[in-house]
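Hi everyone, thanks for coming.

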Amino acid sequence: MYKTDIRGKLIDGEEKSLSQISQEILAPIDAKTPRWWYGAMAISLLMFAWGARSIYITLTVGIGSWGVNNTVAWGWAIINFVWWIGIGHAGTAFSIFLLILRQKWRTAINRAAEAMTVVAVFCAALFPLMHMGRSWLFFYVFPYPNTRGPLWVNFNSPLFWDFVAISAYLLISASFWYFGMVPDFATLRDTNKSKIKRAVYGFFSFGWTGSSKQWLRYEGLAFVLGGIAAVLVVSVHSIVSTDFAASVEPGWHTTLFPPYFVVGAIFSGFAMVLTLVTLMKKLYKMGDFITENHVDAVARVLVFISLIMGTAYITEIFIAWYSGSEYEFYTFFKNRITGDYAFQFWAMFICNALLPQLFWSRKVRRNLWVVFIISLFINLGMWFERFNIVITSLSKNYLPSSWAEYHPSMVEIGFFVGTLGMFSAGVLLFFRYIPQIAISEVKMVSKFNKQQTTHLKPGHHHDYE
Amino acid sequence: MIMNKKYLVGVFDSEHTLIDAFEKALEKGVNIEEVYTPYPIHEILHGMKTKTRITYAAFFYGVMAVALLLGGMYYAAVVDWPLHFGGKPFNTFPSFIVITIVATILTVTLLTLFTFSARSKIYPGSKAEIIDVRATDDKFIILLDQDKMNVGKPEITELFESFGASEVYEKETEKTA
């Protein structure tokens, strides 16, 4: 249970009235767009343009424009796909797990985490789509009675499971995010001075009034979605990991993969959340809502997950030796810890397992700059982890005659940079046009920030206790 | 036909004053039409006595989805287009579970959302019947329908004010009946 004396205040600064909470969170929507925003948007769009050009080349020339070859058939695309999906995992993990665990501090961060999820899953979905080669025939993946038989898709294939899981995840996280915003859009509709904004946000508020009947069903909906989406968080990345684990490649064929991937996904997602909230805190002065305690709490979660990651890495290495399988041994000892890809392995190990250990120190957790930098390094480390898994196992497996090296081509690099641009553009639009923090939820927990009044009778139940 | 509806609106500044007045009014047997709040308050949801069956609906969707998915995959893999994989059975049930779980979650989510949308009238283009615009910001509103009021207006006004209502006013809305 949340106790304020353990975690500190939920809302910093002078005690805020409910309307102050609305005003302060909604301020960026009415404020003049800051100059840095235009600069950042321009850079994002340039990156996106490079990505669009790379996609154009991929579509017109084909996968031959990439650096993949017969041996390393899964290159950059799958690395980045898994990386983005991992980042996309935190939004729902944040909302759902912390909702189930009744953690009130989630209210300041969940909106940003969910927004990030939706954009990240869009970025992720582009990679398998392009890797299909003839992307315009992507609808062949759908199991529908077709003119080819009817020939059905293979319901036993993890690749098809993955398709189902990712589509489900995208739809569910987007609807979860949107319906969370409906009451806030209604607040905007009712408080904004501009007629145009009132009309636009009024449309998006879908007729919300805040009546007890609406809230009752809304809570019922949140309960249902929260309960089942928690299963989804675990299942989606487990399925991504079975794309690998169901194969016979050395280094992939392990039962450790599903938990390892799920934890890794939440790890990178939380790191990205940390990156975003530090930006919100600094650039949008949301410091009263996203307090040092919030950053501290996320950092503590990261220390814990980092230990699990370290354990997973060491378990893999130990089993590679202990199993007595020479292929496993070769992959881990000659092609990861040492060998051509040692840099990627150690980058992963240091960024994910060692660097976050700095968060044990309260001083580090409370230094926003250091937190920001470590969060970026974790994301880098998680990228190297996926590189490490995909490339080292594929490049040198059972037959030395089919060994090959992999280097990404400029088209692949451009594609990745393009998705980075798409992500940052999406996040910038979110910062500018959408309430960054769930207003109604912050209002709901704001009463826990103050001394209780004498009006509160002992018989009263209070939510979230 | 357009009818004018008369309402009595009690405005409160805080959750606690609202809850106290609300519970007192319930005790007196006042017919409360609706309560508007900026965030959900469980005492109110409980006291209004409306029940939601959305969780039952969700469960029903789930059972339906599981049956359809498993049935559909069985049909595809066994009846419609059986394929030999080295003597493995056509009905590879355990590996159907993954899709069943994920697609059931998707079905339940979407259908429950649509149910919520339809029942609460929350959909694109739905027009909000706003009683007091401040209800989504910082005020807590109790709404009484004057036609259904069983306790006198002055009495209720006094009751609300004694519990710290910042405002009690009358409102007429045009309602199509």
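This is a predicted model: local features need pLDDT of at least 70, side-chain atom pairs count only at pLDDT 80 or more; totals for chains, interfaces and linings use all residues.

For the complex, the predictor gives an ipTM of 0.88 and a pTM of 0.88. Chain B has an average pLDDT of 83, and 96% of its residues score at least 70.

Okay, chain B itself. There are five helices and four strands in chain B, and if you start at the N terminus, the order is β-α-β-α-α-α-β-α-β. Now, the radius of gyration of chain B is 25 Å, while the globule rule gives 16 Å for 177 residues, so chain B is more spread out than a compact globule. You can see that in the C-alpha trace of chain B too, which spans about 85 × 40 × 30 Å along its principal axes. Buried residues account for 34% of the 177 residues in chain B.

How is chain B divided? Domain 1 takes 2-50 plus 131-176, and domain 2 takes 54-120. The C-alpha centres of those two domains of chain B are 45 Å apart. And if you take contacts in chain B between residues at least 6 apart in sequence, 81% of them join residues at least 24 apart.

Now let's bring in chain A. Here 61 residues of chain A are in contact with 59 residues of chain B. On the chain A side, helix 8 of chain A gives the most, with 18 residues. By class, that side of chain A has 32 nonpolar, 22 polar and seven charged residues.

Last stop, the largest nonpolar core, with 179 residues. Those touching the most other members include Met116(A), Phe270(A) and Val102(B). Helix 4 of chain A, residues 76-100, provides the largest share, 16 residues. Both domain 1 and domain 2 of chain B give residues to this core, so the core lies between them.

And what does Val102(B) contact, leaving aside its neighbours within four places in sequence? That would be Val164(A), Ala165(A), Ala168(A), Leu232(A) and Ser235(A).

Methods: Residues are numbered from 1 along each chain as its sequence is written. Chains are lettered from A and ligands numbered from 1 in the order in which they are written. Domain bounds come from an automatic or database domain assignment. Two residues are in contact if their C-beta atoms, placed from the backbone, lie within 7 Å. Helices (H or I, at least four residues) and strands (E, at least two) are DSSP runs, numbered from the N terminus. Ala, Val, Leu, Ile, Met, Phe, Trp, Tyr, Cys and Pro count as nonpolar, Asp, Glu, Lys and Arg as charged, and the others, Gly among them, as polar. A nonpolar core is a set of buried Ala, Val, Leu, Ile, Met, Phe, Trp, Tyr and Cys residues joined through C-beta atoms within 7 Å. A residue is buried if 20 or more other C-beta atoms lie within 10 Å of its own, exposed if 12 or fewer, and partly exposed in between; C-beta atoms are placed from the backbone. pLDDT is the predictor's confidence in each residue, from 0 to 100. The radius of gyration is taken over C-alpha atoms; the globule rule is 2.2 Å times the number of residues to the power 0.38.
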